[in-house]
Amino acid sequence: MVTPQEYIEQHTTPVGKVLDDIERWAHLHTSQPQMLCGPYEGRLLTLLCRSLQARCAVEIGTFVGYSTICIASGLADGGVLHTFEANEECEQHIRRHIAAAGLDGRIEVHIGDANALIPALLGDKTGVVDFAFIDGGKRQNRQFYELIMPYMRRGGLIVIDNTMWGGKVLDLDRHRDPDTICIDDFNNYVNGDSRVENVMLSVRDGMMICSVL
Ligand SMILES: C[S@@+](CC[C@H](N)C(=O)[O-])C[C@H]1O[C@@H](n2cnc3c(N)ncnc32)[C@H](O)[C@@H]1O
């Protein structure tokens with residue numbers, strides 16, 4: 001008998017060899033391969049982006065480029081993904097993986113703190129971003145959300161990863177660590193935010209999807 005997750009993955013379009021190879025590489029060469037969004041969530045990111053016909057996307061937290069490739073694969077022709085990664089040691093791996101996927105022309109890699117780099121890049125260009133994926137430091141979720149909000153167009157989507165935090169947010173009496181508290185506070189904040197319509201999915205570690213009104 002297969003598990004529900006195995007059955008779901010068996011009935012989801014595979015992500016392909018390049019992403020499978022990156023996942024294998026991450027398990028062999030990084031200490032936190034679980035940071036990759038993986039094939040199931042990755043396929044959903046591609047489909048969301050494609051459904052929006054996104055031409056401008058932003059990602060906070062590239063790591064080694066797995067979700068980056070998933071998002072960029074769903075962009076409309078001529079679209080661009082700006083991805084931000086604070087850890088400069090990741091840069092060579094990000095660029096190698098993007099090249100292997102043949103997506104160099106669609107992805108702009110920015111190395112440094114997204115909090116400083118996004119305003120420097122987008123300046124006063126409000127309402128231009130179709131799709132944003134927030135997957136950086138979890139205690140900064142609210143900061144990243146407010147950072148990207150003015151740049152979102154109406155009808156654009158903001159997706160925030162790891163909103164279930166391994167189930168810890170379900171039992172706050174037991175889990176009083178700062179990450180869990182920040183993630184739960186952020187989930188409540190979004191849920192009360194009249195600027196968005198939101199749905200939380202139990203995909204992988206939880207994804208909050210916000211449609212900007
Ligand atoms: C969970 S990993 C990203 C995984 C990637 N999105 C994926 O699914 O393949 C989080 C990454 O965010 C980066 N990060 C954390 N804070 C950041 C910031 N302020 N600006 C840019 N990147 C940041 C970390 O260095 C780390 O590589």
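Predicted model: local features only at pLDDT ≥ 70, side-chain atom pairs only at ≥ 80, totals over all residues.
Colleague: Why is helix H6 called roughly parallel to helix H7?

Modeller: The axes of H6 (residues 114-122) and H7 (residues 141-148) come within 10 Å and cross at roughly 0°. Angles under 35 degrees count as roughly parallel, so H6 is roughly parallel to H7.

Colleague: Which residues of H6 and H7 meet?

Modeller: Ala114, Asn115 and Ile118 in H6 meet Gln143, Phe144, Leu147 and Ile148 in H7. The residues of this contact divide into 5 nonpolar, 2 polar and no charged.

Colleague: What makes Gln53 partly exposed?

Modeller: Gln53 has 13 other C-beta atoms within 10 Å. A residue is buried at 20 or more and exposed at 12 or fewer; Gln53 therefore counts as partly exposed. Gln53 is placed in the loop between helix H3 (38-52) and strand E1 (56-60). Its C-alpha atom is separated by 5.1 Å from that of Ala76, 23 residues apart along the chain.

Colleague: Which residues come nearest to the ligand, and how does the shell divide?

Modeller: Of the 20 residues around the ligand, Cys37, Gly61, Phe63, Tyr66 and Ser67 come nearest. The shell divides into 10 nonpolar, 7 polar and 3 charged residues. Helix H4 (66-73), strand E2 (80-85) and H6 each supply at least two residues of the shell.

Colleague: Which members of the largest nonpolar core touch the most other members?

Modeller: Of its 55 residues, these are Ala57, Ala132, Ile148 and Ile158. Not counting residues up to four places away in sequence, Ile158 touches Ala132, Ile134, Tyr145, Ile148, Met152, Cys210 and Val212.

Terms used: Residues numbered from 1 in each chain as written. Axes fitted to C-alpha atoms, helices over the stretch in contact; angles between N-to-C directions. Helix = DSSP H or I, 4+ residues; strand = E, 2+ residues; numbered from the N terminus. Parallel < 35°, antiparallel > 145°, perpendicular 65-115°, else oblique. Contact = placed C-beta atoms within 7 Å. Nonpolar A, V, L, I, M, F, W, Y, C, P; charged D, E, K, R; others polar. Near = placed C-beta within 6 Å. Core = buried A, V, L, I, M, F, W, Y, C linked by C-beta atoms within 7 Å.
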